[in-house]
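Thanks for making time, everyone. I'll walk through one structure this morning, starting with its helices and ending with its rings.

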Amino acid sequence: MQAADAAAGASGAAGGSEGPGRRGAPAAAGVPPVAPAQRTSEEGGDPASAAKRPRSRAHVFALSVPFPSSWEAEIARGSLAPDAEPHRGAVGKELTVSGSDLAVHWRADDSRLLRISIVNFLDQLSLVIRTMQRFGPPVSR
């Protein structure tokens, strides 16, 4: 343990203010350095270089959430489906139930909007699951 602490202290002292992820920081053994991201014309970069790039493809994300029963998966879908996407034209979301799994598929052109949609969905899903656990399993009709 002391050797690890000493090594960490030595690398911190030798590196100065340059740590992992900072420019000029030494790369880990066997890991090539990563070039900084290029800016697009929308971000204030060179518009000519942005025009040369091919059009970005749609980003797709799929999630499968298992439930104890198909009935609980349907309840979750029914609770989550009414939440419309704030950016309807930019992000598409589809909820389906297969057996006892709730499947969610997203498609978006903008990765930032896709991330926001997924995070919001996970927040709502967490609330639905906690509520279902609190009230117990559904009763048969």
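One definition first. A helix here is a DSSP run of H or I, at least four residues long, and helices are numbered from the N terminus. One caution too: this is a predicted model.

Now, the layout. The chain has 4 helices and 3 strands. Along the sequence they run α-α-β-α-β-β-α. There are 141 residues in the chain, and buried ones make up 17% of them. Take the contacts with a separation of 6 or more. Of these, 58% join residues 24 or more positions apart.

Let's start with helix α3. Which residues form a salt bridge? E74 does, with R77, and their closest N and O atoms are 3.1 Å apart. Both residues lie in helix α3. They sit 3 residues apart, about one turn of the helix. Here is the general point. An α-helix has 3.6 residues a turn, so residues three or four places apart point the same way. How exposed are the two partners? E74 is partly exposed, at 31% relative accessibility. R77 is partly exposed as well, at 29%. The count for salt bridges comes to 1.

Stay on α3, residues 70-80. Its buried residues are E72, A73, A76 and L80. Why do they count as being on the same side? They cover an arc of only 100° around the axis, which puts them on the same side of α3. What do they pack against? Their partners are β2, β3 and α4.

Why does E72 count as buried? The cut-off for buried is under 20% relative accessible area, and E72 has 11% relative accessibility, so it counts as buried. What does E72 touch? Leaving out residues up to four places away in sequence, E72 touches F67, M132, P137 and P138.

Next, helix α4, residues 111-135. The helix has 25 residues, and at 1.5 Å a residue they should span 36 Å. The end C-alpha atoms of α4 are 36 Å apart, which agrees. Its buried residues are L113, L114, S117, I118, F121, L125, V128 and M132. What covers them? The cover includes β1, α3, β2 and β3.

In general, nonpolar side chains in soluble globular proteins tend to be buried together. Here, the largest nonpolar core has 18 residues. The residues with the most contacts inside this core are F67, L80, L102, W106 and F121. Which elements give two or more residues to the core? They are α3, β2, β3 and α4. Of these, α4 gives the most, with 7 residues.

Pick out L102 from that group.

Now the rings. How many aromatic pairs does a search of the whole structure find? It finds 2. F61 lies in strand β1 and W106 in strand β3, so the pair ties together parts that are 45 residues apart in sequence. Is each ring buried or partly exposed? F61 is partly exposed, at 32% relative accessibility. W106 is buried, at 1% relative accessible area.

The other pair joins W106 and F121. Their ring centres are 5.2 Å apart and their planes are at 80°, so this pair is edge-to-face. W106 is in strand β3 and F121 in helix α4, 15 residues apart. Both W106 and F121 are buried.

A108 is buried, with a relative accessible area of 1%. What is A108 in contact with? Beyond its neighbours within four places in sequence, the contacts are A58, H59, A90, V91 and L114. G89 is 19 residues from A108 in sequence, and the two C-alpha atoms are 8.8 Å apart.

That's the tour. Questions, please.

Methods:
Residues numbered from 1 in each chain as written. Predicted model: local features only at pLDDT ≥ 70, side-chain atom pairs only at ≥ 80, totals over all residues. Heavy atoms only, no water. Phe/Tyr/Trp six-rings, centres within 6.5 Å; stacked < 30°, edge-to-face > 60°. Buried < 20%, exposed > 50% of the residue type's maximum accessible area, 1.4 Å probe, protein only. Arc of directions from axis to C-beta. Contact = heavy atoms within 4.5 Å. Core = buried A, V, L, I, M, F, W, Y, C linked by side-chain atoms within 4.5 Å. Salt bridge = Lys/Arg side-chain N within 4 Å of Asp/Glu carboxyl O. Expected span 1.5 Å × (residues − 1).
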